[in-house]
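This report describes a structure and how its parts are arranged. Look at the sequence and the model first, then read on.

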Amino acid sequence: MTEIYDLGIAGIRSGIADGDFTAREVAETFNARVSAAKPLNAFLVETPEHALAAADATDKARAAGETLGKMAGVPIGMKDLFCTQGVETTAASGILKGFVPQYESTVSANLFQAGAGMLGKLNLDQFAMGSSNETSAFGNVISPWRRNDGGNSDLTPGGSSGGSAAVVSGRIAPAATGTDTGGSIRQPAAFTGITGFKPTYGRCSRWGTIAFASSLDQAGPMAHDVRDCAIMLEAMAGFDAKDSTSLDLPVPDWEAALNSNLAGKKIGIPKEYRVENMPAEIDALWQKGIEMLKDAGAHIVDVSLPHTKYALPAYYIIAPAEASSNLSRYDGVRYGLRDLPDGAGLQDMYAATREAGFGPEVKRRIMIGTYVLSAGYYDAYYTQAQKVRTLISQDFDKAWKSCDLLLAPTAPSAAFGLGEKMDDPLAMYLNDVFTVPSSLAGLPAMSVPAGLDGKGLPLGLQIIGKALDEQSVFNAGLAIEERAGFVAKPEQWW
Amino acid sequence: MSIDKETVKKIASLSRIAITDAEADAFVPELNQILGWVEQLGEVDCSKVEPMTAVIPNKLRLRDDVVTDGEIRDKILANAPIADHGFFAVPKVIE
């Protein structure tokens, strides 16, 4: 019999509905998994009582014959970028140590409304700035995965949603929330053999989500498979008047419309994504993905996205520029850390607080952002980057004239070892080469696990769709999932 | 254009981040490497391109001009490092 902890959202939901087990048993199972998973350092705060309370509410509702919510009885991990009422929320930064939100983010509130419980708050790159979870002020998250070379070296779960990826792949939580600014859902999903979905910009409210780069930040689900992602995104998404960029559109029933028959669909293969030095294994996986989509009935076409090479440099102007503005709120006055040296005035207090509270990568990005927005450089850097962003978005619009979806790898490599790239910020930035362009254009995209590399580590394929066409992305993801037969799981060593 | 230590200190000051001399020295090559790399954007001819303002076309909504919240002073002050008499407290700014 399948253990409860091996089940995803759909499995838990139907098990509870059928009376195979109670929601309380599910919550107890995962609470125990959480407390046994400390070596991974994935949780910043554990909230077992929250998971139990939601479970009891589900059991009671079922006993009373009430209709259960989409996420009823499913205890999830919450990336610590979502403000949770009464539960410390730090964005993995020292500057927010001790911050206890007095309100609930819209996304977490939506999930709780749908019946989900919370196992705890998940570690991440500090303010979601990073691709390996190594910029957290509270230590690295260690991936449940290990290379099969017997070396047992600690690997990154990816970032910034590294805690989310680690707990879902380690069967410590059946699903977790993520946020994606330049690939922070998709890359960690690929590194850990799970499925991660970034919806169209505006689908999920940003209200109560700690801001990194507001024109790019989008929440999304990280889960076992495509169906679970569809269920969870339905629960997370929806119009919210409190977010001025929230899309005032109904949330489609993506789960009900899942269909892996891709007859009539055209899949574009962007030639600019064939980057130099791409590992042969990644290229081979991409080819395999093409064959799988053909097998599902899709027609493959070559497309060009000519400004792809400029996406990363544009992103590393725009994201730090927005971050430098967003993070100006951390000043030691209203919340979080205050560092007040003896005899210091207000300005000194700001500078000392921010020096003490922000990690090196956060400081680096604030400094870059401040520079590119400063008088005399604004047009040369920031305005130029926003113009290039327009061109990148237009590249996609042109591609959609000849195809419905794009297929590409999610990341240019499998998970790397902790510490391997931290000395070179630029090398780390290049990790996001395949995910950043669609972020700049606000498009829905997902990563689906599709195979293992020679060292036994997961590799992901990415599907990018037209704005608001999450359904086609889900469907193509399902077609790959059904054909890839990815069942590998990390062996439990922790 | 490359940046020097004085520029780094000026950016740090604009960013309200205290840095030591040694940290400023370390930032010089790092920021130069990153800024040197983003300068490739200058190659792109954008003379006929408008800068992006909204990634998904979306009209800004108007709402009725009425109070929608309030009476939550204690909640707002709950996380303040120091709150006094219902206000955020900061070091003295006027002698």
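Strand E2 (residues 75–79) of chain A is mostly covered, with 5 of its 5 residues buried. A residue is buried if 20 or more other C-beta atoms, placed from the backbone, lie within 10 Å of its own. Helices (H or I, at least four residues) and strands (E, at least two) are DSSP runs, numbered from the N terminus. The model is a predicted one, in which local features need pLDDT of at least 70, side-chain atom pairs count only at pLDDT 80 or more, and totals for chains, interfaces and linings use all residues. Residues are numbered from 1 along each chain as its sequence is written, while chains are lettered from A and ligands numbered from 1 in the order in which they are written.

Both faces of E2(A) are covered: Pro75(A), Gly77(A) and Lys79(A) are buried on one side, and Ile76(A) and Met78(A) on the other. E2(A) runs parallel to strand E3 (residues 117–122) of chain A, and 5 bridges join the two; strands pair if DSSP finds at least two bridges between them. One of the bridge partners is Gly117(A) in E3(A), which faces Pro75(A) as its partner. Together with helix H4 (residues 106–113) of chain A, E2(A) and E3(A) make a right-handed β-α-β unit. Right-handed means that, with the strands pointing away from the viewer, the path from the first strand over the helix to the second runs clockwise.

Chain B has 3 helices and 2 strands, in the order α-α-α-β-β from the N terminus. Its radius of gyration, taken over C-alpha atoms, is 23 Å, well over the 12 Å that the globule rule (2.2 Å times the number of residues to the power 0.38) gives for 95 residues, so chain B is more spread out than a compact globule. Of the 95 residues of chain B, 15% count as buried.

Where do the chains meet? 37 residues of chain B are in contact with 55 residues of chain A, contact being C-beta atoms, placed from the backbone, within 7 Å. H2(B) gives the largest share of that side of chain B, 7 residues. The table divides the residues of the side of chain B that touches chain A.

| Class | Residues |
|---|---|
| nonpolar (Ala, Val, Leu, Ile, Met, Phe, Trp, Tyr, Cys, Pro) | 27 residues |
| polar (the others, Gly among them) | 6 residues |

The mean pLDDT (the predictor's confidence in each residue, from 0 to 100) of chain B is 92.

Methods
Contact = placed C-beta atoms within 7 Å. Buried ≥ 20, exposed ≤ 12 C-beta atoms within 10 Å, placed from the backbone.
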